Amino acid sequence: PGGSAKSSVSGPCDIMKTLLNIEVMSVTLANERRLTGEISRVEVLCRTGRIPVAYAEAVSNHMLGLFHVKFAPVWPAAVQAIAAVAIAQETCAWPTLSQN
């Protein structure tokens with residue numbers, strides 16, 4: 001497959017810190033820009049191949065979990081992040097995505 005398990009990671013990856021930032025951030029209209037910014041950061045890290053294979057499943061699960069948050073403004077950014085991880089890390093992300 002085209003994007004199977006490719007990653008060009010050569011330094012530290014702060015994806016878990018970014019996911020934690022999203023998790024602990026209050027879901028309010030005042031934080032909407034910060035929250036969508038953090039989700040967009042996840043999308044960029046995935047799209048640019050900077051997510052290690054080991055974290056692809058965590059990213060997939062976390063982004064899917066955002067659809068349980070009753071705050072629709074974050075959903076489009078979550079969709080973009082899911083698409084990016086599904087393309088960048090097919091073999092790790094798709095099993096999680098196909099179960100939901």
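How many helices and strands does the protein chain have? The protein chain has five helices and zero strands. Helices (H or I, at least four residues) and strands (E, at least two) are DSSP runs, numbered from the N terminus. Along the sequence the pattern reads α-α-α-α-α.

The model is predicted: local features need pLDDT of at least 70, side-chain atom pairs count only at pLDDT 80 or more, and totals for chains, interfaces and linings use all residues. Residues are numbered from 1 along each chain as its sequence is written, and side-chain values use heavy atoms, with hydrogens and water left out.

Of the 100 residues in the protein chain, 39% are buried (under 20% relative accessible area, 1.4 Å probe, protein chains only). The accessible surface comes to about 5700 Å², by the Shrake-Rupley method with a 1.4 Å probe. Carbon and sulfur atoms account for 58% of that surface. Contact means heavy atoms within 4.5 Å. Among contacts between residues at least 6 apart in sequence, 72% join residues at least 24 apart.

Helix H1 spans residues 15–24 and helix H2 residues 32–47. Their axes, lines fitted to C-alpha atoms over the stretch in contact, come within 9 Å and cross at roughly 155°. Angles run from 0 to 180 degrees between N-to-C directions. H1 is therefore roughly antiparallel to H2 (over 145 degrees). The crossing is left-handed (the near helix is turned anticlockwise from the far one by less than a right angle). H1 contributes Ile15, Thr18, Leu19, Asn21 and Ile22 to the contact. H2 contributes Leu35, Glu38, Ile39, Arg41, Val42 and Leu45.

Notes. Parallel < 35°, antiparallel > 145°, perpendicular 65-115°, else oblique. Buried < 20%, exposed > 50% of the residue type's maximum accessible area, 1.4 Å probe, protein only.
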